[in-house]
Structures are given as structure tokens and as C-alpha cells.
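Reader: Hey, I've just opened this one and I'm new to it. Can you walk me through it?

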Protein chains: 2
Amino acid sequence: MHPAQTVVTGFALAILAGTALLMLPISKVGPGGGSFVDALFTATSAVCVTGLTVVDTPTYWTPFGQVVIMALIQLGGLGIMIFASLIGLVLARKLSVRSRLNTAAEAKAVGFADVRGLVRGILKITVLIEFGVFVLLGVRFMLGYGYGVGEAAWHAAFLAVSSFNNAGFALYTDNLMGFVADPFVCLPISAAIILGGLGFPVIMQLRKEFTKPLHWSMNTKLVLWGSAVLLIGGTAYITLIEWNNPATLGTLDPGARLLAGFFQSVQTRTAGFNSIDIGSMHDASWLGMDVLMFIGGGPAGTAGGIKVTTFAVLFFIMLTELRGEGSVNIFGKRLSRAVHRQAITVVLIAVAAVVAGTAVLLLLTGLDLDRVLFEAVSAFATVGLSTGITAGLPDAAKVVLVLLMFLGRLGPLTLGTAIALRERRVLYEFPKERPAIG
Amino acid sequence: MHPAQTVVTGFALAILAGTALLMLPISKVGPGGGSFVDALFTATSAVCVTGLTVVDTPTYWTPFGQVVIMALIQLGGLGIMIFASLIGLVLARKLSVRSRLNTAAEAKAVGFADVRGLVRGILKITVLIEFGVFVLLGVRFMLGYGYGVGEAAWHAAFLAVSSFNNAGFALYTDNLMGFVADPFVCLPISAAIILGGLGFPVIMQLRKEFTKPLHWSMNTKLVLWGSAVLLIGGTAYITLIEWNNPATLGTLDPGARLLAGFFQSVQTRTAGFNSIDIGSMHDASWLGMDVLMFIGGGPAGTAGGIKVTTFAVLFFIMLTELRGEGSVNIFGKRLSRAVHRQAITVVLIAVAAVVAGTAVLLLLTGLDLDRVLFEAVSAFATVGLSTGITAGLPDAAKVVLVLLMFLGRLGPLTLGTAIALRERRVLYEFPKERPAIG
Ligand SMILES: [K+]
Ligand SMILES: [K+]
């Protein structure tokens, strides 16, 4: 079986198993089990680490159901990290000799030449970061909110898993709005989200060569610079627009406004928690968040979207054109031409999926474009933020979102794989021609 | 002066002159002249052949004002056709010997090796097509609607100029809604729009080598195939969604529904007339039209948008990736790699302009995303369709639309020029690297 097929099958099986578990009466509060569509939606949202919910996680699901959700999140997050990193290894073996030397050097730099070592490394990093966040949140919940040990541990564990895996599920009906002004809750969660969203290769390189930025790969530099620009730009954009909105930031202290603006900007890389009411934000904030969510996080991590690298590559190609230069050079390295075409392919398919999904959702519901587009981008980029329409959608619309989540989580990536694995040379060349552009 | 600067200055001067003329009391019905912003908006909309209006063309402007608008449309349409075609000639002289041979051969095939011949050719084609439409419409207005000779001639002339130049201005308050079921009005106008939107190089090649499709250039083939796909797809999409909408197609005969659906699809290439009420269409129709308008028509014609060729090039690049092939081959010719980067650049800047314009319009008005996005796309792609919000916008929002129209009309094109003229070689190459995509 082709590796891309393996991972698609794996994710589909995990979702089906999760659906079955969530349909059991033991998973749902009150008599009977959850409906098929709601269970399927929740299982897909968990495995694809999206965080969109059609039912209220704390009141609809029992602790058993919540543990199932947490397990699905962890499984989905690990699955995508391992799979995407493996692709890197497979690629390294298939590339030309010269490229292979580079990639092998990079693989060596981050410390893994084989599959077992890679999986072990991913598990170690995951446990390490999640445990750190677990401790910080647990202590805060006990000292700051008077939770008992068990309650604090359970909430802290759930949030640690949900944040590092960029899932965005929480055990409060209002997600994290109760902690909007608390940096001791918001900042550890933000840190876990950002680290998970950078992607495993970047985390590993930072761990091994934090003090040697000259050794960093183009991937690491693009992800770090791109994430910094998006985080800061997003914080400024959201904070400025919402500053005086009484339904979001307007009633908070200036410091808390900045914290909440930053926290919401972090969520677009693509965790999906919310500490303010997304449904009350300005239309222009939604549009900006659409863009940020669509771009998403780093490759081979728990983030979704088209990935920071894809966007950065297109940006540098544009810059090269505007400067009239012949080849695309980024941080003193030349960008492989094959990457141009990959980036175009990923973006075109992503745009097509979001636009088609939005059109179908518009036809299925009577809702406006602003909320529907936000929902479609959020599902495709596996973000999980919503303006509040998810629970009220008809079943057909829920299924559309399920497909968008699945496609968004696996699509561009497996597609990229399929592409890279099938790379072959055409032995003849046609005469060249250039049509007019723009 | 750089040619790109010349054309930007030329368009700016034409707009300023038009603004001044439209501010004269003789241009406006009733006492006093038009306001600066309304005159500026109308002049920009006319010169950029957009067709968005903040005042009602037939009742606000006098016949003198309407003649000014018609002259501005003709000036703008000719200007963009001549300028864009000249770029082709300049490019042919700057390219490498091998490419130059191809381009020269193509230039010879369409019959022009020098600037004077080119301008004469464009004028001839323009007069020919506009006169044909003028006669057809004039006869119809006299026989079918009982107009006198003078009235019929004036309306026919205005519509002929407005349609071939893809301007979308009409002399009726309801644009062309009075002719929704009349093929003798709708079809000649559609033909003029489509021809103007194909672009001058395509028209010339069709004229000289209509029966020899094997000789057609890649540009001609891409524009023809792309336009056909978009026209038919757009007709099907709009007609299906609006079929039972009583405010648009629902009350018409089946044949008239198809005619109106086709006519509205034609408008997205980017003429901007309307024979049905755009403001009453379904949200999903608006979204589909957003996509169609954004793509627009053929290069070096009167159409706007990123151009059919740009979109087609990206589509074929994607196809090549998905097939795992090494070079992008279209209709048995290899696509120049420089074009990949040009297409990315045009699309990125277009998306950035539309998104930024939409965000600012959202902040300036209390309107919803669906209508604002439609307006921004319509302005940038110089379409002129509107859901009905243009006249009620605050002055600041009108100025944003003026900037979008100007940028959309000249931007990607002059940019493409600046790029092509500055093409130079970098004498050293950096080591190659490939970051992860998607
Ligand atoms: K998420
Ligand atoms: K137009």
C-alpha cells in the first residue's frame, strides 16, 4: 500500500472507532447514545485536531466520552506529526544524490536517520511539553481557582493535550473565556500551541542548535520568521479592531486587552481556543482571522492550514519577480524550482476546497457569507474557531464540515507526498512558449 | 520615462480631466455641478471601464455628461488595449534570440511588426465591432421598442461602446433589466463583450487564421478554452442556483431564464451589465460570481481580473504536479518557467488588494462581508456589478473603490511589464534547498 493510502486509511479507521465509542450510552450524559452525525462530527474534529463542536463538550459528554475525545486528539496529533516527518525521511531517500546529501545532513542535524528514532523523538517531545503545561496549569487551577487535586489534574491534562496538539477542545461551555485576563492560564497554553504549531523538525532543530542559528535549515528559518510575523501582525490587527468593542475586548484592562488579542492571534495557528466571544467580533476581524487561519502553522506539526512555509515560499517568489531576479534566494539558499509548483498546487486545492465548501454551506443554510466562510476556513485549516453557528447546522452541513476537516488535515499533505513520490523525468521537451500574464 | 510610468500617468490624467468635465454644471442635471468624489468615482469607473456608479447615469448626468462618460470609456478601453499589446512588442525585442524568434513569428502571424500598424489594427477592430453592434441594437430599438431614429442611435452607440469596452454603463436606471428576455438586445451585447474580453491578440489571430487552429498561439488557445469553460460553467452555476428565485429568474420563461443566466455569466468576463437584480441573487451566486469576476477575461483586451491565462497557467501547473511530470506542457508546448513566477505574483497581489480593500470597506461601513467582498472584487476586476451598495457608501469608501479600480486596471499589467522589462540574470547561484510544503 502506498504510504499516503496507509495514513488516510489509518485516520479514517480512528475516526470510525471514535464515532462508535462516542455513540455508546456510556459516552453521553442522560439516556441513550449520541446521534451518528454528532458522534462522527466530534470524532473527526478530535482526530483531525480541529476543535469545532456541535454539542457542548462538558455537559453533553460524560467523563468517559471526554477521555475518548482526549485520546482521539492525542492519537490524531501524534499520527500527523509522525506521518509528516516520515515523509521527510522517505523524500530524503528518493531525491537526487546532491539533494539527498543536504537532506541527510539536515536529518543528521536534527538527530534522526531512522524511523524508530524519529517516532521515539516525537513521543519524547510530546510528553515533555505536555507534562510541562500540565504542571503549570494544574498548579494554577489549584492555587488560583481553588480546584481540588483531581479536578485540577483532569482539566490541566485535558488542556495540555488539547493545546500542544492544537485541538482547541476545552472542558468549559464558554471554552476559555473565563480565563481571558489570566496570563498564568493563557500563556502556558499559548506556548504549547506555538511549539506544537512550529512542527517537529523545527522543535528538534531548536533543541539541538538553539544557539547556532547559522546552522538552521531554510524550513526552520521560514517557520520561525513566518510565525513571528503572523503572531505579531495578528495580535496588532485583532487588538486594534476590537479595542473598543464592548462585546469582546472593550470592557477589559488595557493589559488584558493585549493578552486577549495575543491569545486570539495565537489560536489562528491553528489551535482554536477562544477567550473572547468570536461571534461578537467585527466582520473585519473575522476576515483577518480567515487569512491567518488559512495560512496556519508549520509543516510536520499539529497545526493545519496551507502552512507558513507554503505562504512564505509564494511570498519570496513574488519578491524575486518584483526585484527582477532570476532565481528565488531565501536566507542565502536557492529555492528548489519543484517547490514553486508544489506551493501553487497546495494553495489552489486549498482555495478550491474552501470556496466549494462555502458555496455548498451557503446553499444548505440561510446563513451569511461572513460566518459561513469563517466556518469553512476554520474546518479546512483544522482551527476550530466558530462564530457560533456549528451546533445549529443541518446534518448535511455538518457532513460537509467533516469532509473539509478530513481533507484539510490529510489533503495537501498526502497530496504533497503523492506528488513527491511520483516525481519523474520527462525525456523529451516541448518548445517553450510564454502566454501573457495579468 | 519608463513605459509603465507613462501609462499610469496617462490614465491618471484622463481620470482627472474626466473628473473636471463631470464637475461642470453642464454635465449634471439641475443646478450646480457634481461633487468632487462622485465625479472622480464616475470618471475612474469610466476610464477603467468598470461601470460601478454612485449616481444614476440617465437621471443624474445630462446628455453632455453622458457623452463625456462614453468618451472616457472609449479612451480607457483603447488605451489599455494599445498599451498591453505594445508590451507584447517590447517584450519581443527584449527576449532571448530563441524566444524572440517565436514571438516575432507570432507577431507576424497576427500581422503587426510595428507600433503604428498595431494601433491602426486595434482602431480598425474596435470600429468594426462597435459599428456592427450599433447597427443591430439600433434596428432592434426602432423596430421592437418604437424608439425614434435619434434615440435609437444614441442608445445603440452608447451600448456598443460600453459593451465592446466591457464598461457596463447603461442609459437606463435599471441597467438592462428591461431587456432580460430579449435575445436581440442581449446577444449582440454579449458578443461584443466576449470579443472585447478575449483581447486584441486573440481577435487578430482568429481573424487571420480562424480556420487554422493548429497555428494558434498558446495564448489564443488558453483564452478561448478558458473563456468557454468559464462562460458555460458560469451559466450553469447561476442558472441552477437562481432557477426558482422569484426575485431574479423565477418568474421568467425557461428560455428566458437560460438567456438571463447566460447574460449574467457573460458579465463576469468583466462587463458588468445586469439584466436581473444582482442584489436579490443568492449568496452562493455572489460567491461564484466573485470567483468568475476575479479571474476575468483575456489579456490585452478590455476585460479586467487576473486574466484567464493567469488562472489557466496555475491550473496547468497544478495538473503537472498531480501527474508527477517534470515540465508544464500545454497544448504540446512547454510553459516558460518565468511565467510560473509571474502568475504567482499577479495572483498574490490581486488577492492582497481585494482582501485589504474588503477589510477597509468593512471597517468604513456597517455592511456584511458578502456585499462588500462582491463590491471589492467587482472594482478590482473592473467589472461594475454591485449588490446595490455603491451609491450609499461614505466618501472614504468610494475613494477605496477608486483606488481598487485604478490598481486593478493598471496594477497587475504594469507590474507584469515592470517585471518583464527588468528581467536580468544573477551570475552566481546559491546552493539549493527545499522546505516542506503543505
Ligand atoms: K484546532
Ligand atoms: K466593466
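Reader: Let's start with ligand 2. Which residues coordinate the potassium ion (ligand 2)?
Author: Keep in mind that this is a predicted model. The potassium ion (ligand 2) is held by Val49(B), Thr50(B), Asn166(B), Thr270(B), Ala271(B), Thr382(B) and Val383(B), each through its O atom, at 2.4 to 2.7 Å.

Reader: What spacing do those donors follow along the chain?
Author: The donors of ligand 2 follow V-T-x115-N-x103-T-A-x110-T-V.

Reader: Are Thr50(B) and Val383(B) buried or exposed?
Author: Thr50(B) and Val383(B) are both buried.

Reader: And ligand 1, what are the protein donors there?
Author: For the potassium ion (ligand 1), they are the O atoms of Val49(A), Thr50(A), Asn166(A), Thr270(A), Ala271(A), Thr382(A) and Val383(A), lying 2.4 to 2.7 Å from the ion. Their spacing along the chain reads V-T-x115-N-x103-T-A-x110-T-V. Val49(A) sits in the loop between helix H2 (36–47) and helix H3 (57–60) of chain A, while Thr382(A) sits in the loop between helix H15 (369–380) and helix H16 (395–421), so that pair ties together parts 333 residues apart in sequence.

Reader: How accessible is Val49(A), and what about Thr382(A)?
Author: Val49(A) has a relative accessible area of 0%, so it is buried. Thr382(A) is buried as well, with 0% relative accessibility.

Reader: OK, zooming out. How many helices and strands does chain A have?
Author: Chain A comes to 16 helices and 3 strands. Of its 438 residues, 60% are buried.

Reader: Where do Phe141(A) and Tyr145(A) lie?
Author: Both are in helix H6 (residues 115–145) of chain A, 4 residues apart, which is about one turn of the helix. Phe141(A) is buried at 0% relative accessibility, whereas Tyr145(A) is partly exposed at 32%. Tyr145(A) also forms an edge-to-face pair with Phe179(A), 5.1 Å centre to centre and 80 degrees between the planes.

Reader: So where is Phe179(A)?
Author: Phe179(A) is in the loop between helix H7 (149–164) and helix H8 (183–198) of chain A, 34 residues from Tyr145(A) in helix H6, and the pair links distant parts of the chain. Phe179(A) counts as buried, at 5% relative accessibility.

Reader: Which residues make up the aromatic cluster?
Author: Phe141(A), Tyr145(A), Tyr147(A), Tyr172(A) and Phe179(A) form one cluster.

Reader: Then there's Trp243(A). What sits over its ring?
Author: The charged end of Arg257(A) does, 4.7 Å from the ring centre. In chain B, the charged end of Arg257(B) sits over the ring of Trp243(B), 4.8 Å from its centre.

Reader: What does Gly250(A) touch?
Author: Leaving out residues up to four places away in sequence, Gly250(A) touches Glu242(A), Trp243(A), Asn244(A), Asn245(A) and Arg257(A). Gly250(A) is in the loop between helix H10 (218–242) and helix H11 (254–271) of chain A. With 21% relative accessibility, Gly250(A) counts as partly exposed. Its C-alpha is 9.9 Å from that of Thr239(A), 11 residues away along the chain.

Reader: Last one, helix H12 of chain B. How far does it reach?
Author: H12 (residues 283–295) has 13 residues and reaches 19 Å from its first C-alpha to its last, close to the 18 Å expected at 1.5 Å a residue.

Reader: How many residues of H12(B) are buried?
Author: 12 of the 13, so H12(B) is largely enclosed by the rest of the structure. Among the buried ones are Trp286(B), Leu287(B), Met289(B) and Phe294(B). After H12(B) comes Gly296(B), which has a positive phi near 75 degrees.

Terms used: Residues are numbered from 1 along each chain as its sequence is written. Chains are lettered from A and ligands numbered from 1 in the order in which they are written. This is a predicted model: local features need pLDDT of at least 70, side-chain atom pairs count only at pLDDT 80 or more; totals for chains, interfaces and linings use all residues. Side-chain values use heavy atoms; hydrogens and water are left out. Helices (H or I, at least four residues) and strands (E, at least two) are DSSP runs, numbered from the N terminus. Buried means under 20% relative accessible area, exposed over 50%, partly exposed in between (1.4 Å probe, protein chains only). Donors are N, O and S atoms within 2.8 Å of the metal (3.2 Å for Na, K and Ca); water is not among the atoms, so sites may look incomplete. Rings of Phe, Tyr and Trp (its six-membered ring) pair if their centres lie within 6.5 Å; planes under 30 degrees apart count as stacked, over 60 as edge-to-face and the rest as tilted. A charge sits over a ring if NZ of Lys or CZ of Arg is within 6 Å of the ring centre and within 35 degrees of the ring normal. The expected span of a helix is 1.5 Å times one less than its number of residues. Contact means heavy atoms within 4.5 Å.
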